[in-house]
Amino acid sequence: MINTIIVVATLVIGLLAGFIVRRQKHQREVAEATRQAAALRESARKDAEQQAAKYLTEAKAKIQADRRSTEAELVDQQAETESRQKRTEQRQVTLKQMEERLNQRQAAIEDTQAALNDDQTHLNETKNQARQLFVDRQDEVAKRAELTTSQAKDHIRLETARNLEQEEDVTVRELTESAEASADKDARNLIIESIQRGPVDWPREHAEHTVLVPTNETKSKLIGRDGQHIRLLESLTGTDLVFDPDQPNLLLISTHDPIRRETTRIAIESLLASRKITAAAIEKQVQTAQYDVLKDLRQTGERTVSMLKVGFMHPNFMKIIGRLKFRTSYGQNVLNHSIEVAQMAGVMAAELGLDVRLAKRAGLLHDVGKAIDHEIEGTHVEIGVALAKAYGEDPVVINAIASHHGDVEVTSPISSLVAIADAVSGSRPGARSESVEEYINRLHSLEKIANDQKGVQESYAIQAGREIRIVVQPKVLDDKASAELTENVKNQIEDELTYPGKIKVTTIRELRAVEYVGDKPGKKKKKRA
């Protein structure tokens with residue numbers, strides 16, 4: 001029992017001691033916290049005072065700057081207001097002066113108008129007097145001439161008409177003789193000037209028909225196993241691909257279509273550059289090449305039409321014009337040739353006072369049929385006329401296309417200018433690669449075939465060898481024999497000669513009977529003594 005009491009007393013004493021120790025510790029912590037809080041309050045107060053002083057200083061500086069700026073603006077505004085006021089006053093003075101001058105002018109105009117009214121009244125009176133004098137004179141003349149007024153007018157009218165006809169005949173005769181005398185010289189000068197001012201020297205562009213394969217390894221890849229790659233290229237492009245026997249690495253592209261040839265060339269060169277030759281790569285490169293070529297055709301047509309300033313043209317028609325870029329005639333690029341013809345026709349039309357835009361348009365389109373003459377039956381003239389009609393071209397342009405080789409009659413001066421420009425562009429030195437000797441030999445061959453036929457009087461190869469005209473002896477050959485001769489000449493030309501495009505064979509049989517009345521020609525009358 002005593003032990004228990006001792007233990008309890010000990011516990012109570014321990015608890016009291018712990019409570020006292022903890023209370024003292026808590027008081028010390030509270031005192032320390034109070035001290036730190038006081039220090040923080042003092043520090044915050046000092047910082048706040050410093051910030052307040054800083055902000056106050058900055059605010060004072062800003063207020064001072066704003067005040068100075070505002071005062072400067074007020075001064076400027078006041079000066080501007082004074083300047084505006086001065087200008088307003090000056091304008092008011094000017095307006096008053098103008099008002100005074102206008103009043104003076106109005107007064108002067110009124111005075112002038114009054115004077116004009118007086119003059120008009122006097123003039124009307126004078127006209128009435130003159131009219132009366134004229135009537136009196138006509139009556140007096142009619143009384144003395146014993147003619148009525150209508151009879152005198154008819155007589156004067158007939159006499160005047162007769163004199164004018166005589167003067168007109170003389171004037172027309174003089175103008176005709178002067179024009180005939182200077183026509184050749186003027187035409188020559190006009191053509192020379194159009195050549196100098198019109199065409200530009202275009203670099204000669206040759207359509208590439210071959211592709212050089214750099215190595216045998218690349219050649220093997222291009223051919224493929226059992227030739228599958230090259231056959232795929234041929235089927236996709238519609239061309240024949242053959243390696244040159246003399247140069248094993250030179251690939252020849254054979255096709256009648258220049259667009260396909262260009263597409264094939266671009267596709268093969270792209271394959272060789274990428275060095276990745278598979279069936280999928282071939283199909284992709286061919287598609288890309290076709291897209292690039294068609295895009296180039298459209299852009300070429302648009303650039304050409306824009307450069308020549310020939311007006312609006314259907315987009316599909318411009319694509320057809322772009323196809324001329326890959327078409328040649330005797331080594332001459334047809335697009336460049338068409339541009340030259342358009343420029344020369346435009347210059348000549350300007351000198352003659354004709355429609356320049358229409359002349360350029362006709363010159364540009366005169367050979368448009370050559371763009372697709374390998375796809376459609378007919379001559380390039382017939383195809384060009386059909387295209388122009390389909391796209392609603394002007395009748396003058398259609399006639400220029402149809403008549404530039406003399407196939408139909410010329411109905412407009414512009415058609416003649418296009419034919420002249422076409423001949424000049426094709427015949428100027430260096431325009432075409434065909435030599436003069438070959439050209440002359442071809443014409444001689446055509447004429448020789450005709451002259452060797454029985455009953456032929458003479459023959460002429462015209463239109464650069466596109467037509468041969470045969471004049472037969474009318475007493476030797478009748479109409480039926482003349483038709484048979486035409487057929488024979490046509491067949492012989494097809495069998496023996498190589499010719500571009502279409503050749504027209506025309507046989508002419510004409511019988512003339514001539515007699516003279518009076519003295520025989522060549523004999524002179526004897527003079528009487």
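Two strands pair if DSSP finds at least two bridges between them. Helices (H or I, at least four residues) and strands (E, at least two) are DSSP runs, numbered from the N terminus. The model is predicted: local features need pLDDT of at least 70, side-chain atom pairs count only at pLDDT 80 or more, and totals for chains, interfaces and linings use all residues. Residue numbers start from 1 along each chain as its sequence is written, and side-chain values use heavy atoms, leaving out hydrogens and water.

**View 1. The open sheet of β6, β7 and β8.** Three strands lie in the order β6-β7-β8, with mixed pairing. The edges are β6 (456-462) and β8 (504-508), each pairing on one side only. From one strand to the next, the twist averages 15°. Strands β7 (residues 467-472) and β8 run parallel, joined by five bridges. Val471 has its bridge partner, Ile508, in β8.

**View 2. Helix α14 on the sheet.** Helix α14 (residues 479-496) packs on the sheet and touches β6, β7 and β8; contact means heavy atoms within 4.5 Å. The direction of α14 makes about 155° with that of β8. Axes are lines fitted to C-alpha atoms, for helices over the stretch in contact, and angles run from 0 to 180 degrees between N-to-C directions.

**View 3. Helices α3 and α4.** Helix α3 (residues 216-223) packs against helix α4 (residues 228-237) at about 60°, with the axes 5 Å apart. That angle makes α3 oblique to α4; under 35 degrees counts as roughly parallel, over 145 as roughly antiparallel, 65 to 115 as roughly perpendicular and the rest as oblique. Lys221, Leu222 and Ile223 of α3 meet Gln228, His229, Ile230 and Leu233 of α4. These contact residues divide into four nonpolar, two polar and one charged. Ala, Val, Leu, Ile, Met, Phe, Trp, Tyr, Cys and Pro count as nonpolar, Asp, Glu, Lys and Arg as charged, and the others, Gly among them, as polar.

**View 4. The buried residues of helix α10.** In α10 (residues 380-390), His380, Val381, Ile383, Gly384, Val385, Leu387 and Ala388 are buried. Buried means under 20% relative accessible area, exposed over 50%, partly exposed in between (1.4 Å probe, protein chains only). Their cover includes α7 (315-323) and α11 (395-403). Just after α10, Gly392 takes a positive phi of about 65°.

**View 5. The setting of the close-ups.** The protein has 14 helices and eight strands. Of its 529 residues, 28% count as buried.
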